[in-house]
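Please have the sequence and structure open while reading.

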Amino acid sequence: MTVDLATSKLDEMLQKAAKEIPLKRNELLFLLKVSDQKDVAKVFKTARFLRERYFEDKIFTYGFVYFSTYCRNECAFCLYRKSNKELQRYRKTDMEIMKTAFSLVDSGVNLIDLTMGEDPFFFENQGAGFAHMIRTVEMIKKSTNIPIMLSAGVVPEDILMEFKEAGVDWYATYQETHNPELYSKLRLGQNFEERMQRKRVAQQMGLLLEEGLLTGVGDTDADLVDSLEEMGRLGSDQVRIMSFIPQKGTPMQNFSPVPRAKELLVIAVMRIVFPDLLIPASLDVDGLNGLAERLNAGANVVTSIIPPESGLAGVSNQSLDIEDGNRTITKITPVLEKCGLGLASRDDYAEWIQRRKKLSHNF
Ligand code: SAM
Ligand code: MD0
Ligand code: SF4
């Protein structure tokens, strides 16, 4: 009897969601607790229904260039934290970055995500090291006109402006959680408010924002719902969640690996709360094998596409599926097809961005 009641409550909620009637906090908390496989499938189905309303069967693809793995920070969850000495680090040259970006563009991705640790080489001397990276961005933009995302941490405001002028479209700086106490245990020694504020400034400059969460790091369902609310308040254009992958040699190395059920449910709930936003299925968590389940939960962007033999790393999975070419458009296409989906074109992506800028931001 109780099961039936719960099920009808779920059906009612999902009917509301399909009509895009905003769900209340207690309803979102209820959705995050759904565990019966049939019920989970219903939540995913509603998420896919909403995705189709805004994006039809088209999936966007992002190329990932992790161009420097040096970092001045000590994030407790991250392999690339400064004090991790057991790691071979690299900093790619301008030429290498451009070459990789061009090969990704040729392979058909819709965006290039330029990512690094907060590499002191760039951040020292009031950000003087950024000058050549800004020129590299300019070159990539001029030659390809590809949309560009910058994921380089809390970049100084004036430098951010220069990146924008050079052709950066997106600023990605994940808070991981919007619970300041949990944040202080994850992003050790980093200012919560400064990180949030830099995103608001970036948005005022006309940059699109990606906000992101980590799960499996001590976050509660209430934290996750708080984050959804905060992502909405921020006016994020792309929202993501990734499962925490324990990294050797870091303070959180002994955390137990989390089942993926939560990440998938949050992807679906994100789609329900933000039906028209971009939501990544990252190849960086479970590689190619984890793609279908993330698409099935309502994601609409495949991120972390990396060319093989480029010597480039992933963030949460340093090497998984990279050298064997599993993180490529060629390899993901059959997976999309099996899910009844297909690759979006550059024009599809440009159209989405234009509409988003106009309707939501007045850029
Ligand atoms: N260094 C910049 C920064 O931290 O903003 C840019 C890199 S940022 C895009 C790297 C992101 O990868 C983190 O914000 C976090 O969400 C994710 N990440 C890092 N280590 C991870 C891990 N062990 N498991 C899962 N995700 C992780
Ligand atoms: C990804 N490894 O998309 C990348 C990274 C940075 N903007 C993104 C976390 O999965
Ligand atoms: Fe550095 Fe970013 Fe890793 Fe934190 S998440 S240690 S800032 S690379």
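On a 1 Å grid over the protein atoms alone, a cavity is a set of points where a 1.4 Å probe fits but cannot get out, a pocket is an open set with protein on both sides within 12 Å along at least five of seven lines, and lining residues have an atom within 4 Å of a point. The model is predicted, so local features need pLDDT of at least 70 and side-chain atom pairs count only at pLDDT 80 or more, while totals for chains, interfaces and linings use all residues. Residues are numbered from 1 along each chain as its sequence is written, chains are lettered from A and ligands numbered from 1 in the order in which they are written, and side-chain values use heavy atoms, with hydrogens and water left out.

**Largest pocket**

- The largest pocket is lined by 13 residues, and those nearest its centre are Ile21, Pro22, Leu23, Ile272 and Val273.
- Its volume is about 240 Å³, where a volume is the space filled by probe spheres set on the points, with grid points joined across faces, edges and corners.
- At least two lining residues come from each of α2 (25-33), α10 (221-234) and α11 (261-273); helices (H or I, at least four residues) and strands (E, at least two) are DSSP runs, numbered from the N terminus.
- The lining of the largest pocket has nine nonpolar, four charged and no polar residues. Here Ala, Val, Leu, Ile, Met, Phe, Trp, Tyr, Cys and Pro count as nonpolar, Asp, Glu, Lys and Arg as charged, and the others, Gly among them, as polar.

**Cavities**

- Two cavities of 30 Å³ or more are present in the structure.
- The largest cavity has a volume of about 670 Å³. It is lined by 39 residues, with Thr115, Tyr174, Glu176, Arg187 and Val315 closest to its centre.
- Strands β1 (58-68), β2, β6 and β8 are the elements that give two or more residues to the lining of the largest cavity.
- By class, the lining of the largest cavity divides into 18 nonpolar, 13 polar and eight charged residues.
- The second largest cavity holds about 30 Å³ of space, and its lining consists of Glu176, Thr177, Leu213, Leu214, Asp219, Asp223, Leu224 and Ser227.
- In the second largest cavity, β5 (208-215) and α10 each supply at least two lining residues, and α10 gives the most, with three residues.
- The lining of the second largest cavity has three nonpolar, two polar and three charged residues.

**Ligand 1**

- Ligand 1 sits in the largest cavity, meaning that more than half of its atoms lie within 2 Å of the grid points.
- There are 19 residues around ligand 1, of which Met116, Glu176, Arg187, Arg195 and Ile245 come nearest; a residue is near a molecule if one of its heavy atoms lies within 4 Å of it.
- Polar contacts are pairs of N or O atoms within 3.5 Å. A polar side-chain atom of Glu176 lies 2.5 Å from an oxygen atom of ligand 1, and a polar side-chain atom of Arg195 lies 2.9 Å from an oxygen atom of ligand 1. A backbone N or O atom of Met116 lies 2.9 Å from a nitrogen atom of ligand 1.
- Taken alone, ligand 1 exposes 560 Å², of which the protein buries 94%; accessible areas come from the Shrake-Rupley method with a 1.4 Å probe.
- Both β2 (111-116) and β6 (238-243) supply at least two residues of the shell around ligand 1.
- The shell around ligand 1 has nine nonpolar, seven polar and three charged residues.

**Ligand 2**

- Ligand 2 sits in the largest cavity.
- The residues around ligand 2 include Phe64, Asp113, Thr115, Tyr174, Arg240, Ser282 and Asp284.
- A polar side-chain atom of Asp284 lies 2.8 Å from a nitrogen atom of ligand 2.
- On its own, ligand 2 has 300 Å² of accessible area, and the protein covers 96% of that.
- Two or more shell residues come from each of β2, β6 and β8 (301-305).
- By class, the shell around ligand 2 has three nonpolar, five polar and three charged residues.

**Ligand 3**

- Ligand 3 sits in the largest cavity.
- Its surroundings are Tyr66, Cys71, Asn73, Cys75, Phe77, Cys78, Arg81, Gly117 and Arg187.
- The shell around ligand 3 divides into five nonpolar, two polar and two charged residues.

Conventions. Polar contact = N/O pair within 3.5 Å; in protein donor to acceptor, adjacent residues only side chain to side chain.
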